[in-house]
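Please read the points below with the sequence and the model at hand.

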Amino acid sequence: MSANEDRLSATLLRPLGRSGVLWYAFVAFLGTIVAAGLFAWFFQMWRGFGVTGIRWPVYWGFLITDFVFWIGISHAGTLISAILRLVNAGWRRPVTRCAEVITAFALMIGGLFPIIHLGKPWLFFWLVPYPNQRLIWPNFRSPLVWDFFAISTYLTGSLLFLFLPMIPDFALVRDRSTGMTKKIYGLLALGWRGTTGQWHRLEVAMQIMAIAIIPVAVSVHTIVSFDFSMAPVPMWHSTIFGPYFVAGAIFSGIAGLIIAMAALRSVLKLHEYLQPIHFENLGKLLLTMSLLWGYFTFNERLTTWYGNGTSEILTFQVTQGGTFAPLFWTMVLVNFVLPIVILGIRRFRTITGCVIASIGVVIGMWLERYLIVVPSLAHKYLPYSWGTYSPRPTEILITVATFAAMILLYTLFAKFIPIISIWEMRAGEHHAEPVLAGTQEPHRLGETHA
Amino acid sequence: MDRRTFIKLTAITGTSATLASCGVPEHQLIRFVPDEELVPGIAEWKPSVCPLCASGCGLNVRVMMADVDITKDGQAGVVRMGVAKKLEGQESHPISQGGLCPRGQAAIQVTYHPDRLAQPIKRTGNRGAGTFEPISWDAAIAEVVGKLDALATAGNQKALAVVTGGRRRVLLDQFASKFGAGAPVTYELFSDDLLRRANQMSFGFAQLPTFDLSNANYVIGFGADFLGTWNAPVAHTAAYGRMRRGRPGVRGAFVQVEGRMSPTGASADEWVAANPGTEGVLALGIAHVILREKLRPADGGRPGALIDGWSAGLPAYAPQQVSTVTGVSAKRIERLAREFAERSPAVAIVGGVPLAHTNGLFTALAVNALNHLAGAVGQKGGVSFTPQLSRSTSPAGGSLVQLAAASPQVLILDETNPVFSAPKAWKVRETFQAVPFIVSFASFIDETSVLADLILPDHSFLEGWIDAAPESGSAQAVISVAGPAMKPLFQTRAAGDVILQVAGKLQKPVDLGAQTYDAYVKAALAPLGDDAWTAAQKQSGWWGELPKGVAVAPTPAEAKPAAARFVPPTFDGDAAQFPFHFLPYASAAFLDGSTAHLPWLQEMPDPITSAMWSSWVELNPKTAERLGIGLGDLVEVASSAGSLRAPAFINPGLAPDLIAMPVGQGHATYTRYASGRGVNPVELLAPVTHAETGTLAWAATRVKVTRAGEPDGKLVLFSARGELRENPREGETR
Amino acid sequence: MAHRWGMAVDLDRCTGCGACVTACHAENNIPTVGELQASRGRAMHWIRVERYFEGEFPEVSMKYRPVMCQQCDAAPCEPVCPTYASHHSEETGLNAQIYNRCIGTRYCANACPYNVRFFDFFNPVWDKPLHLQLNPDVSMREVGVMEKCTFCVQRITAATITAEAEKREVKDGEVKPACVQSCPSKALVFGDLADPESEVSRLAESPRGSKLLEDLGTAPKVTYLQGVEHA
Amino acid sequence: MRYSTVLVCIVASIAGAGCGWLDDRPAPVDGAAYTASGQLSNARLTTAHETFGGAVNEYFRVGSKPQQPIEFPHNTHVEKGLACTEYCHEAVTKGPQAGLPSVNTCLICHAAIATDKPRIQQITQMSEKGIDLNWQRVYGYGHSAHVRFNHAPHIRANVECATCHGDIAHQTVAQRNVDLNMGYCVNCHREKKAPNDCLTCHY
C-alpha cells in the first residue's frame, strides 16, 4: 500500500473521526430551523390550510414552487454523474458522489411537498393503488398520480445508484475501524471482500444503473411539468414545458452541485481532490445549460407574445411588465445575463466565480418556478375572478426549513460517509489516462486490494 | 407573550379544536319532551311575511325538526322542535311572485342572530353606555304601565312620544291617540313622503305608484333604483323579467336617467346622465317635444294642470334650453320623446335621488304629467295605485326635529334607528338623551335602542304574527298576514301583544278592540268578509277585489293648484370650497343600514363594486386621476356637516362631479357583525329639508375630496383585483 | 333514465340583484368567513354575479353575468383529480364533488377555467344559534376539502326519490335549485337537457344562446342567453 | 427547579408568540348573557373534532359504545308482535330518518300496559317531569364520511331492516351488528342493480 494511497484515505476519512464544537453548533443551528419548519407544517395541519397565503383563485403557491424547485435540484447528481460515468470523464471521480447525494436528499425533500400541500395530508396514501373495501383505485388519469410513481421510482433508483459505489468504501472503513462502528459499516458493506467477481458485478451494475437512471430522470421532470401543462391554464398549457423543465432542472442541479462542492472543498480541506479544473468543467456545463434555458424561455415567451391569445397575453403582460416584472427581470438577470458574463469569460471562471453564478442560478430557478405557478393562476379567463397572492409566515418558514434540511442532511452524510469515492480516486491515480470502461480495470484494482 | 396574544391564542385554540364540545357528553344532556311531533328529515312549508322592508313579500318557510338548546325552568337541555331552515318567495303572492331579494333570503338570520336579545333588559349604567341587566316580563310591563299612568295622573299625556319606522304604526297610532298623546313620529332616511305628496296632488292618492311593467313596451326611469332597493323591488323585478322576455316577439325597452349608474341603471338599454336635480326638466323637455309634434293628444289632465306653462305647450322647455340645463343633447331628447310617445304603452318612473334634491316635488310632478301625457295613468302597461284598505289613522306626526320642542317624558321606540340614519344636525341623540324614560321593542342593541331604559325584545317575524299592507307593487289590493312559522326560541314577546297588554293594564285602560295582536289583525281584516281571515292563514295574506266602501278614496283636486316651475336645486356648501355633489345611496345589501347586522348580507358582494364587509367612496375615473387617487386609496370626504375617511373605488358609471357612498355601514353598536365597521355617510349630510314635507333632502350636500393615504386594506373586494372590464385590453392596438 | 341536468341564464332578465348568491348560502350551508378571511380571498360564493363595464362616461354601460359551476360534460377538473373526488356522475350528468374523497390537492380548482371551485381553508364556524338554520340535507364541509355548486343535488335527489315512489319520471320544473327558485326575474331556468321537451332544452337551442368560454371545449351545461342590446 | 419553570415559561411564550404569528385570526366574540348566544351552553358550532382523540377515532373508524337511557328490550316488543315501523320508527317509511320514539310514544301503550314494571314506572315519571329519553345512535357515520343515507327508498325496495341492522328482533338493547362500511353498501347496490353513482350517497 503506497504512502500516497494511505494519505488519500487518511484525508478522505478524516471527517469520520471526532469533530469539533463548531460542527455540533452548526448541526444544532440547522436542526432548530428544520424543527421550526416541521412545527409550521404540523401547525398548518392543526389549524387548517388557511394559515398559508393560498387563496381563491391562486390555490398553489410557495409549496408547489418548492416542490418543483427541489425535484429540479435533484437532477444534479444522478443525471450528471450517470452521464459522466458513461462518457467516462476522468475528472468525474471526485465529483460523482457529492452529486448523487444531492439527488437523494433533494428528492426526499421535494417528494414531501405534494404531501405537505394537501388539504388532508393524513390521507396522502389514497394516491397509492392498494386494494381496499371501498373498491376504489386512484385516478390514473391524474398527473399527480404519475408524479407519485415517477418520484418513487427515481428515488429508489438514485438511492441504489448512490449506494452501489459506496460499498467498497464502507468495506474500507470497516477494515480500519473497531467495535460498534466496525459492525455498522460491516453491515453496510454487505460482506464486500473486493474479489474479482464482486468488482465485476459492481462495474456491470453501475453500467446498467447509469444507463437506466437517465430516462427515469428525464421522465420525472417531464411529468412534473405535466402537472402544469395538462391543465387548461394560460401559459401552462404548453408543449415546450417537458424539455423546458428538464433543462431547468439540470441547470439548477449543476448550480447546486457547484455550491456543495465548493463548501466541501473549503470545509473538509479537499483542495487537492476538488481542483479548479472540476469547477472549470462544471462551470462550462452550467454555462451551456444557462444558454439552453435562455433559449427555451425566449421561445416560450416569444410564441406567447406573437400568439396573442387574450388570456395568455394578459398573463404574459403582468409577468413581463406588471406586478411580477421585478421578479421576472431578476430571474433573467441571474439565470442568463450573470452566468454568461461570469462563466463566458475565462478570467472570471474561477471557483469563486462559479459559486457566485451558481448561487444566482439557484435563486433564479426558484423564481422561475414561482413565476410559472402564480401569475397564471392569478389571471385565468374571467377577469372578475382574477386574484393576487402573497405568502404568509407558515409557507415561508417551511421553505426556509427545507434549505436548512438539505444542508443538514448533507453535513451529516459527509460526517459518516466518505464524500469522495476513495476507491474510484485510487483507480484514478493508478492511471493518469482516463479509465476505459471495461473488464480489465477491476482485475488490476482487485489486485491492488488483494 | 403579551396579554392580547395570549387571549387570541387561547381563543383560536378554542375555535380550532374544542368548540364542538358541549362540556357534558352527549348522553348526559337533558332532553325535554317535545310538544310538537314532526316527521324527522321531512320539511313542512309554512306561510310568513318578510319584515325587512315595507313591500311585504309573502314567504314560504321551510320548517324541519331539529334539536334546540333551551333552558326550561333553570335547567339547560335540548328539545326536538320545528325550526325554520329556508325562506322562499311564495308563488301565488302578488308581491313576491315566487322570488325574493337578497335581503329577504337573509331575513332568516334575524331569527337566529347570536346577538339577538333573548329576554327583556333594563339599563344599569349611564344612558348609552350599553350596560343592561335582565328583568322579568311582569316587572318590565309594570314599569311601562307605571310611567304611562304617571303621565295620565299628571294629565300630561301629551308628554308621551312614539317614534316608529314600521309595520305597527297603525297600532301605535291608535294607542297614542286614544291615550291622548300626539301622533307617532315616523322617520326613514330614504323617505318617499315627497313622492306621496306629489302623487296626491297629481292623482289624488298619497301613496307610492304601482307600475305594470309586464305590459310596458318602453320605460324611462328617473333615478329610481326600482329593481334594487326602491319601493317594491321584488314585484318590479318579476315584472321587469316579463317585460324583457315574457312576451314572444315583444321586448320592452328601458332607459334610465341618473348621475350614478345604480344596479337598476346597469340593466338599462340606454343610460342617460343628467345634471343633478334637472331630471324634471328633462321630463318636461320630452313632454315639450311630444306636445310640439302632436305625437299624443295634448291632454295633461290633473297632473298637467299643475305644471307651469303646460297649456302653452311648455315653451320654457324646448330641447335647446333643456339641453343646456340637463347636459343631455337636444337630439337625444327629441329621440327619447319620439320613442316614448310611439312605443306605447310607455311609462316613466321617478323616485330616489331626483326627489332628494330641494326641487324634488317639481321633478315628481313633472314626471307625473309626462305619464299622463303618455296615457299611462291607470292604463295597461302604465302606472296605477294599489287599492288600500282604509284604516283610521291620524296624519303623520311631526318630524324628529320638532320632537325636542315637545320635551317628551316617555318615549316609545319601534323598528327605527334615527340616531344612525338622521343627520347629526338634528341632534336626535341629544333629544333622546334628555327623555326621562325610553322603552324600545328592538330585537337588537343599535345606536338608538342602546339609549333605552327598557328593551322589550319583540318576537322574530317567524315566531309571531306578522302583517303588512303593501302600498304598491300589485294591481289588486294586498294585505300580507301570517301566523307563527315556529315556536319562539327565547323569552321574547310579540311587541303587538305587549302594546295591547300595556294598554289594558293602564289605570284608564285604552281599548284597542283586541287583547292579542292576532285578534287585532283579524279585526282589521273583518271588512273584507269572513273568509278573508281563513284565506289569509293558508297563504301568507289576502288579496283580491276590495268590497265597496272599504277602500281609500282619492282626495279631490285642489281648487287652484300652485303652478310648479323649475327652480334650480339648492345645495349646502359653496361650489368653490366643496366642488362635488354628494350622493349617499341605499346599498343593495343594507338599504338604510337596518340589515347591516346580517352576516350573509355583509359577505354578499356588492353588485357594482363586489365589496364585502366594507364601505367605500366612489369616484369617476377622471376625477380620481385628477386627484391622484387609485383603487383602495384612503380618501377624506368633507362637507360642511363633517368629514370621514374611507377607501376609494373607481366607478366608470359615475358622473365626474359626483361622489357616491353606500349607506349601511359605520354602525357604532349593531351586533358583532356590523359594529365599528366602515363609515356612515349620513354624518356628512347637511340638514337640508323639503319645504313641502319637511323630509330630508339627502342629495343636497356638497363635499370636497382629498387623498388621505395608502390603501389600508379595509376595502375587501370579492373581485380582488377590482377589474372593471371583461377585456382589459379594450381598445388596445398593436 | 339517466338525466343531464342543465341550466339556462337569461342575461336579458338578470338584474344582478344578488338574490341567487344569498339563496345559495342559505340552501347549501356555505360558511360566512368574516372580514379578515374574505380579504384573504377565502370568501365562498358558489354562484357569483360578475359585472363588467363597457365604454367611458357618459357613454357607459354595464352587464351582469351570474357564474356558477358550469357542470361541464368535458370538465377539466375531473381528469386531474387523483382520487376521483371531482368525478362525472353518469346518473345525473353532474360534475360531482365527493367531499369524502377529497384530499385537498386543489388541482381541480387550478384546472377549472371558470374559477368556481372554493376551498375550505379552515373548519367552518357558526355562531350559535345561527347553526339552527343549517340545511340537514346538505353536508357541512370540513377543513381541507374543495367545494362548489352542485346544482342543489340534494333537491334533485329528493325529487328523483319522490318520483320513483310515485312510479313516474321527474316533471320539468319540478326541481329548482335555490338560485333558480329565488330569482325574482326568472332569469335562471333549470331542467333536464336529456328531455328534449324541457324548457331548458328549448332555451339551449335559442339563437341568443351561447356557452361561457365555449372555445375551451369544456362543453358546459349552462347556456347564457344574450340580451339583444348586449349581444 | 426554578430554572426549569423559567425555561418552560420561555418556551411556552415563544410557542405562543409563534402561533399568534402564524395564525392571526381575531379572537371570536361572545354575546352578552341576555342575548341568544349568551343563553347557550356553548357559543359556536364547528366541524372541528372536539379532541385530537376524537379525530383519531374517526380516522380509524373507532366508534364508542352508546349508553342508552333505559335498557329497551327490542326482543319482547317484537315477540308481542309490534313491527319496527309502527309507532317507534314509523318515519322510516316516509323519509331519510327512521326516527326515535319519545316517552309520549312509549306511553301510547304503556299508559295501560305493564305499568307495574320498574322501567315503565321510570319512563312514566320522566314524562311527568317533562324529561324525554335521550337515545344514542347505534349506527351512523363519521362526519367526514359525508354519507347521506335515506331509509324510505330502501324500505320501498323491500330491504329487510335486518339486512343492515342485524337480528335486533332477538336482542334487548340494540347493538351494532353489521359493519356498514362502503364496501358493504356498494356490494348490495351491485347485487340489487341499484345505482352505484358516487352522488347516490355522497353529497
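1. A crossing of two helices is called left-handed if the near helix is turned anticlockwise from the far one by less than a right angle, and right-handed if it is turned clockwise. The model discussed here is predicted. In it, H3(A) passes H15(A) in a right-handed crossing.

2. The contact between these helices involves A:Phe62, A:Leu63, A:Asp66 and A:Trp70 on the side of H3(A), and A:Glu395, A:Ile396, A:Ile398, A:Thr399 and A:Thr402 on the side of H15(A).

3. Helix H3 (residues 62-73) and helix H15 (residues 393-416) of chain A pack at an angle of about 15 degrees, and their axes lie 9 Å apart. Because angles under 35 degrees count as roughly parallel, H3(A) and H15(A) are roughly parallel to each other.

4. Chains B and C also meet: 62 residues of chain B and 52 residues of chain C take part in the contact. Among the elements of chain B that give two or more residues to this side are helix H1 (3-18), strand E3 (58-72) and strand E4 (75-89). H7(B) supplies the largest share, seven residues. The side of chain B that touches chain C divides into 38 nonpolar, 14 polar and ten charged residues.

5. Is B:His372 buried or exposed? B:His372 is buried, because 24 other C-beta atoms lie within 10 Å. This residue belongs to helix H13 (residues 360-373) of chain B. Neighbours within four places in sequence aside, B:His372 is in contact with B:Gly300, B:Gly301, B:Pro303, B:Gly304 and B:Val377.

Note on methods: Residues numbered from 1 in each chain as written. Chains lettered and ligands numbered in written order. Predicted model: local features only at pLDDT ≥ 70, side-chain atom pairs only at ≥ 80, totals over all residues. Helix = DSSP H or I, 4+ residues; strand = E, 2+ residues; numbered from the N terminus. Buried ≥ 20, exposed ≤ 12 C-beta atoms within 10 Å, placed from the backbone. Contact = placed C-beta atoms within 7 Å. Axes fitted to C-alpha atoms, helices over the stretch in contact; angles between N-to-C directions. Parallel < 35°, antiparallel > 145°, perpendicular 65-115°, else oblique. Nonpolar A, V, L, I, M, F, W, Y, C, P; charged D, E, K, R; others polar.
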